[in-house]
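Thanks, everyone, for making the time.

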Amino acid sequence: MQHKSLNIGVVCYPTYGGSGVVATELGKAMAGEGHNVHFISYKRPARLSSYQPNVWYHEVTNFEYPLFDFKPYDTALASKIVDVALHYELDLLHVHYAIPHAIIAYIARSILESKNKRLPIITTLHGTDITLVGIEGSFYPVVQFSIQQSDFVTTVSESLKKDTIKAFETNREIVVIPNFIDLLRFNSSPNIELKKSFAKNNELILMHISNFRKVKRIPDIIRIFDIVQKEIPAILLLIGDGPERSQLEDLCRELDIEPKVLFLGKQESVEELLNIADLFYLTSDHESFGLSALEAMACGVPVISSNIGGIPEVNVHDYSGYVCEVGDIHDMAAKSLSILSDPIKHSKFKEQALEQARKFELKKIMPQYMNLYLRCIKNG
Ligand code: GMT
């Protein structure tokens, strides 16, 4: 269906985390369809590095004043939204991650109402904004109120929708729109030379990518690897960085597997690295969707994951990989070996992982957001 081009405001975190990636990739895809997309954040989003027509970036700058032990970013963000909405005639505002974006959107919308400008708000809940941080006493009432006040609320999985309804005792409509994948960027095209440069003796490559937070349970992955590498030649590539890194390095030294575990730090072209992996791990104890698992699957890499949150909606047990109890490293190691030691099974799982990833292709998911945008504007 043809519709007029929209002026869309997007508020997100600019960092490498999943919510920022989803916000940026969705915005860029919308801009590619001819809509004007205005990103509002405190830093240029990581995935917005190069120029693209129809894409604007508005930086929220903070005012230095000795009284402010805590810089009032929220106030500066609200003012920036009001300014962009008025001057670029925004049709709607899409905020990613509830804290603090949803309540700030509500404040901006109220200010704009006093100026006779209607700005409908869509809030996308990504996971920890509900399951970990949002339920903390210092945020709960604000998150609950802002969910109630948003014109539309989306979650990235059925599981997160259930968690939201339960934790915040809300009966409001929540639309589930899963994470998506750009198959032009993430596809199976291994660089053999790159693979050889890591696996010098043809070892199998096991991989994990994240922000190295506790919630990811990366020590489990290291312990699984320790079991696996005793049975078959393998190396473990850990990509990303975060607060847990030095403890993880210590654990590798303690287990005496240090030479076989490579910490590659933050990487831009994760697709190139995913393409040389034989197995991917996502062992989190909270995970609303698991975008990194989807990215791995799109590169034809089977996934060993925990069974928490929305992960089973992405990684299908005994098909695209295996889904195990959180923390059951022995089961995860056994399942890893069952795939890695059987080349026929491994190649079947690789194909199935790709097949499963296709369900989340960008072009299938983007229209769901567009329908919501149009509903949002119609309601306004
Ligand atoms: O995974 C993270 O810790 C980053 C976090 C974020 O908000 O940036 O990711 C969350 O949002 C992603 C995109 O919707 C989801 O794929 C991740 O599953 C979710 N993380 C958690 O729920 C822990």
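This is a predicted model: local features need pLDDT of at least 70, side-chain atom pairs count only at pLDDT 80 or more; totals for chains, interfaces and linings use all residues.

Let me begin with a definition: by a polar contact I mean a pair of N or O atoms within 3.5 Å, where, within protein, one must be able to donate a hydrogen and the other to accept it, and residues adjacent in sequence count only if both atoms are side-chain atoms. With that in hand, a backbone N or O atom of Gly 290 lies 2.9 Å from an oxygen atom of the ligand. The protein covers 95% of the 480 Å² of accessible area that the ligand has on its own, where accessible areas come from the Shrake-Rupley method with a 1.4 Å probe and, for residues, only the protein chains shown count as cover.

Residues are numbered from 1 along each chain as its sequence is written, and side-chain values use heavy atoms, with hydrogens and water left out.

Staying with the ligand, which residues come nearest to it? There are 19 residues around the ligand, and of these Ser 19, His 126, Asn 179, Lys 216 and Glu 287 come nearest; a residue is taken as near if one of its heavy atoms lies within 4 Å of the molecule or strand in question. A polar backbone atom of Ser 19 is 2.9 Å from a ligand oxygen, and for His 126 an N or O atom of the side chain is 2.6 Å from an oxygen atom of the ligand. Among the elements of the fold, helix α1, residues 18-32, gives the most to the shell around the ligand, with 3 residues. Helices here are DSSP runs of H or I with at least four residues, strands are runs of E with at least two, and both are numbered from the N terminus.

The criterion for a salt bridge is a side-chain nitrogen of Lys or Arg within 4 Å of a carboxyl oxygen of Asp or Glu, and a search of the whole structure finds 25 of them. One of these joins the side chains of Glu 25 and Arg 47, at 2.9 Å from N to O. This pair links distant parts of the chain, with Glu 25 in helix α1 and Arg 47 in the loop between β2 (36-41) and β3, 22 residues apart.

Glu 25 forms a salt bridge with Arg 185 as well, at 3.8 Å from N to O. Here the two partners are 160 residues apart, Arg 185 being in the loop between β7 (175-176) and α7 (192-198). Are these residues buried or exposed? Both Glu 25 and Arg 47 are buried, whereas Arg 185, at 25% relative accessibility, counts as partly exposed; the classes are buried under 20% relative accessible area, exposed over 50%, and partly exposed in between, with a 1.4 Å probe and protein chains only. Glu 25 itself is at 17% and therefore falls in the buried class. Glu 25, Arg 47 and Arg 185 belong to a network of salt bridges that also includes Lys 28, Glu 271 and Glu 295.

Glu 193 is exposed at 56% relative accessibility, and Lys 196 is partly exposed at 46%.

Now to helix α2, where Ala 78 is found. Ala 78 is buried, with a relative accessible area of 6%, and, leaving aside neighbours within four places in sequence, is in contact (heavy atoms within 4.5 Å) with Ile 104, Ile 107 and Ala 108.

Finally, some backbone details to check. A cis peptide bond joins Ile 99 and Pro 100, with omega about -5 degrees, and Pro 100 is found in helix α3, residues 98-113. Asn 202 has a positive phi, near 60 degrees, in a residue other than glycine, and sits in the loop between α7 and β8 (204-210).
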